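I opened a new page to keep track of what I look up in this structure. I'll write things down in the order I check them.

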2 protein chains.
Amino acid sequence: MVKRQDAASENASDIRQIFDAFTEIGIIHQLSRTLFEQRLDDSLLLPHFTVLNHLARLGDGVTPLSLAVAFQVPKTTLTHTLSGLEKRALIETRPNPHDGRGKLVFITKSGREFRDNAITSLGPDISRLASEFDFTKLEAVLPVLKELRATLDRYRDKN
Amino acid sequence: MVKRQDAASENASDIRQIFDAFTEIGIIHQLSRTLFEQRLDDSLLLPHFTVLNHLARLGDGVTPLSLAVAFQVPKTTLTHTLSGLEKRALIETRPNPHDGRGKLVFITKSGREFRDNAITSLGPDISRLASEFDFTKLEAVLPVLKELRATLDRYRDKN
DNA sequence: TCATACTAGTACGATATCGAACAAACAAGT
DNA sequence: ACTTGTTTGTTCGATATCGTACTAGTATGA
């Protein structure tokens, strides 16, 4: 494993490309968010769905803080998101038996249904998009994105 | 040009991977945004910089609406972003001589300086990140991202 | 057991985001 | 000119986001 020694010697075009990539990522995020939110009823937004999806896929009974870390948002933001979900009975929270300060978050039956419906309702969009964009290309991209994410993640912790 | 006929036959694991990719993109956006905003003074945020960068790189004298389209945000959001920039004299607006309804946006001298400083101040971060993540990998990823963006973009227009 | 430091979650205030509705100017056809 | 429909940008109100400060509970060590 050879460390690059010229790490500090990025030139202007390298930096521009890096900015471009992040700009592109921002716009994709924005576009997908808008598209997705058009398919959600009840004025729920992408963060709400993201939480439900996480709970459904990776298991519930987790702390709010662990969710905030998973999505890299401040915990105050997550408090707000969870309160919206709880108000609609898509999740419920119980005291953490192992930690008197904390809560555990559980997805409810209607939460699962809501999540499943959201995914189902997105099916036609994905099909239509798949006729123009070959999603298998994401297979090659995803590992790079994950590595970039992990690097940024580690870097953040060191600050 | 052969249209895929099985576009509607995505299975669950395909869909999961698509969701994963968008989730990853969202988190990268979030992380880069936070990191970047820590380097900006004056409580300016990423959207402010993004506008300045766009004007500096691709030229100013453009309409607010064209900026909103470029970043895929609602024009009301851009009104707000521009007002923040104008209040700090980083941009200025003049009436559009060709269209009595519109404005044109220009970047000021201090706007350029601000943008240059922001990029410079990010240099050390990029260098340190480059020692852990090989940014040349973005060269392979960027075209795919651009294609995905273009597809989403076209799709949105059809709605 | 106590003091200190730390952690989970919330309250609050400031700003950001965005949809809906609007006014003003344009465009096209009549 | 005049009507109709469209486009630019703003205002307004509702919600989202997030930094700061706080409370309550936990962990550690003397």
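**Notebook: loops, chains and DNA**

*Entry 1: an alanine in a loop.* I started with A89(B), which I found in the loop between helix 4 and strand 1 (91-95) of chain B. A note to myself before going on: this is a predicted model. I looked up the backbone angle, and phi of A89(B) is near 60°, a positive value in a residue that isn't glycine. Then I asked myself: is A89(B) buried, exposed or partly exposed? A89(B) counts as partly exposed because its relative accessible area is 40%.

*Entry 2: a glutamine in another loop.* Next I went to Q72(B), which sits in the loop between helix 3 (64-71) and helix 4 of chain B. Phi of Q72(B) is near 60°, again a positive value in a residue other than glycine. What about its burial? Q72(B) has 8% relative accessibility, so I wrote it down as buried.

*Entry 3: Which residues is D153(B) in contact with, leaving aside neighbours within four places in sequence? I got L31(A) and Q72(B). So the glutamine from my last entry turns up again here, as a contact of D153(B).

*Entry 4: one chain on its own.* I stepped back to see how chain A is put together. How many helices and strands does chain A have? I noted 6 helices and 2 strands. Reading along the sequence, I get the pattern α-α-α-α-β-β-α-α for chain A. For overall dimensions, I wrote that the C-alpha trace of chain A spans about 50 × 45 × 25 Å along its principal axes. The radius of gyration of chain A is 19 Å, whereas a compact globule of 159 residues would have one near 15 Å. I also looked up burial across the chain: 45% of the 159 residues of chain A count as buried. Last, I took the contacts in chain A between residues at least 6 apart in sequence, and 52% of these join residues at least 24 apart.

*Entry 5: two copies.* How do chain A and chain B relate?

*Entry 6: DNA strand C.* Now for the DNA. How many residues surround DNA strand C? I noted 21, and the closest are L65(A), K75(A), R101(A), K103(A) and G100(B). I sorted the residues of this surface into 5 nonpolar, 10 polar and 6 charged. In chain A, helix 1 (12-38), helix 3 (64-71) and helix 4 (75-87) each supply at least two residues of the surface near DNA strand C, and so do helix 2 (46-58) and helix 4 (75-87) of chain B. Which part of the DNA faces the protein? Of the atoms of DNA strand C within 4 Å of the protein, 65% belong to sugar or phosphate and the rest to bases.

- A polar side-chain atom of R33(A) lies 2.7 Å from one.
- A polar side-chain atom of Q30(A) lies 3.3 Å from one.
- For G100(B), a polar backbone atom is 2.6 Å from one.

*Entry 7: DNA strand D.* I repeated the look-up here. There are 21 residues around DNA strand D, and the closest are G100(A), L65(B), K75(B), R101(B) and K103(B). Of the atoms of DNA strand D within 4 Å of the protein, sugar or phosphate accounts for 62% and bases for the rest.

My distances to phosphate oxygens of DNA strand D:
- An N or O atom in the side chain of K103(B) is 2.6 Å from one.
- A polar backbone atom of L65(B) is 2.9 Å from one.
- For Q30(B), a side-chain N or O atom is 3.4 Å from one.

Definitions and conventions:
Residues are numbered from 1 along each chain as its sequence is written. Chains are lettered from A and ligands numbered from 1 in the order in which they are written. This is a predicted model: local features need pLDDT of at least 70, side-chain atom pairs count only at pLDDT 80 or more; totals for chains, interfaces and linings use all residues. Side-chain values use heavy atoms; hydrogens and water are left out. A residue is near a molecule or strand if one of its heavy atoms lies within 4 Å of it. A polar contact is a pair of N or O atoms within 3.5 Å; within protein, one must be able to donate a hydrogen and the other to accept it, and residues adjacent in sequence count only if both atoms are side-chain atoms. Helices (H or I, at least four residues) and strands (E, at least two) are DSSP runs, numbered from the N terminus. Ala, Val, Leu, Ile, Met, Phe, Trp, Tyr, Cys and Pro count as nonpolar, Asp, Glu, Lys and Arg as charged, and the others, Gly among them, as polar. The radius of gyration is taken over C-alpha atoms; the globule rule is 2.2 Å times the number of residues to the power 0.38. Buried means under 20% relative accessible area, exposed over 50%, partly exposed in between (1.4 Å probe, protein chains only). Contact means heavy atoms within 4.5 Å.
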